[in-house]
Amino acid sequence: YADDYEMGTCLWWLRKYDNMRGAITDPSKRGVLRIPGPGTQNPQGTCAPIFTDSGTPIDSGVELCSGLDYMVLKTFVPAKRVSGSEVLYGPVGYINSKDAFFGSSNFAGDGTTVDIYRDYPDPRGEQMPPQTGKETEKFEPVLERYTQPYLATLVNQAYYRIEYTGDITLFNENFLEYRLFGLTDVPRNSEGYAVVLDIKFMKAVNLGVYYEGRQVKAAPRRDLLSLDSPAGLSYMNPVSKILSFVVKGTSRPVRIRQLDVVSVAFGVAVSFDSFFEDNFVDPNAIDSSFSDKVPPSYAANYDPDGGNIVKSN
């Protein structure tokens, strides 16, 4: 799909972001995430292809990495059914980010890599009955729930965006959970296990982030969030709707839940003339179609500090 990223069967979020589109056609930017390089917490890490004794690279997608600690992120997204059908959120992508770019869509610039996890096939689908003899069995797999992606292999001490193909905002009836899993006591190349994760919500939400059974107060600014922050500390960007939060090497998960919000809307029926009788409006915000209704001296006499309402275009 190199000629037209808007066409084809690529996942929508792969086509959406400029720094992620390279993974569509470049196999080196897909697979288990490799974070080393400037602008990350793992500048000393390296990954290189594996060669045979004769010097020929082994074309298996396997690389030999050093200076990096790998771990498993385990997530839990509660099942949701609508009209008897399950709502799916996968495939799920894990995208690396530089330290200065987390919480944005710059990711790791030209070094952005993507690891995509799809749903797990029903294991009973592999248990084929014998197909020899005169009376072969007709095999039909059990059409029950296929397991959505919930495990990902990540590099320790790094920043990531999690991209859900389905709208994660819909899963609002229970907690989302994120925890690090299968850790050794102490990592080889750092002092502890920690990641900062980004999740983009499709609409404005009011979230509560919990750790050890208690709600963790959110950081007022993104720059107060880092790998050194305590587990559960978060920041929600009100414009991009990207939630950034810290997960650390512990057996307890960070839990996220959408809180109930009361939305109130109202309208006031008022004519343009009567509105001007009680309020001063910035003349720069008045459309030209209403110029005949404004006194000729209105702009010259306008006092921005003297009105009840100041509007701007």
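Q: Where does Arg221 lie?

A: Strands here are DSSP runs of E with at least two residues, helices being runs of H or I with at least four, numbered from the N terminus. Arg221 is in the loop between β13 and β14 (234–236). This is a predicted model, in which local features need pLDDT of at least 70 and side-chain atom pairs count only at pLDDT 80 or more, while totals for chains, interfaces and linings use all residues. Residues are numbered from 1 along each chain as its sequence is written, and side-chain values use heavy atoms, with hydrogens and water left out.

Q: Is Arg221 buried, exposed or partly exposed, and what does its side chain contact?

A: Buried means under 20% relative accessible area, exposed over 50%, and partly exposed in between (1.4 Å probe, protein chains only). Arg221 has 46% relative accessibility, so it counts as partly exposed. Its side chain makes a polar contact with the side chain of Asp223 at 3.0 Å. A polar contact is a pair of N or O atoms within 3.5 Å; within protein, one must be able to donate a hydrogen and the other to accept it, and residues adjacent in sequence count only if both atoms are side-chain atoms. Arg221 and Ser234 are 13 residues apart in sequence, with 9.3 Å from C-alpha to C-alpha.

Q: How many salt bridges does the structure hold?

A: Side chains of opposite charge can pair when their charged atoms come close. The criterion is a side-chain nitrogen of Lys or Arg within 4 Å of a carboxyl oxygen of Asp or Glu. The structure holds 6 salt bridges. One of them joins Lys80 and Glu173 (3.1 Å, N to O). That pair links distant parts of the chain, 93 residues apart: Lys80 is in the loop between β3 (70–76) and β4 (81–82), and Glu173 is in the loop between β9 and β10 (176–181). Lys80 counts as buried because its relative accessibility is 14%, whereas Glu173, at 56%, is exposed.

Q: Which strands hold Glu177 and Arg255?

A: The side chains of Glu177 and Arg255 meet in a salt bridge (3.0 Å, N to O). Glu177 is in strand β10 and Arg255 in strand β16, so the pair ties together parts 78 residues apart in sequence. Glu177 is partly exposed at 22%, and Arg255 is partly exposed at 30%. Asp223 also forms a salt bridge with Arg221, with 3.0 Å between the closest N and O atoms; Asp223 is exposed, with a relative accessible area of 56%.

Q: In what order do the strands of the open sheet run?

A: Two strands pair if DSSP finds at least two bridges between them. The open sheet has 6 strands in the order β8-β3-β10-β16-β12-β13, with antiparallel pairing. β8 (151–155) and β13 (214–215) are at the edges with a single partner strand each, so one side of each is left without a neighbour in the sheet.

Q: Which residues face each other across the strands?

A: β3 and β8 pair antiparallel over 5 bridges, and Val72 has Thr153 in β8 as its bridge partner. β3 and β10 are also antiparallel over 5 bridges, with Leu73 opposite Leu180 in β10. Strand β12 (residues 207–211) is joined to strand β16 (residues 254–258) by 5 bridges; Tyr211 stands opposite Val254 in β16.

Q: Which residues have the most contacts inside the largest nonpolar core?

A: In soluble globular proteins, nonpolar side chains tend to be buried together. A nonpolar core is a set of buried Ala, Val, Leu, Ile, Met, Phe, Trp, Tyr and Cys residues joined through side-chain atoms within 4.5 Å. The largest has 37 residues, and those with the most contacts inside it are Tyr94, Tyr164, Tyr178, Leu197 and Phe245. Strand β9 (residues 158–164) gives the most to this core, with 4 residues. Apart from this core lies another, of 11 residues, including Cys10 and Trp13.

Q: What is the average pLDDT of the chain?

A: pLDDT is the predictor's confidence in each residue, from 0 to 100. The chain averages 76, and 75% of the residues score at least 70.
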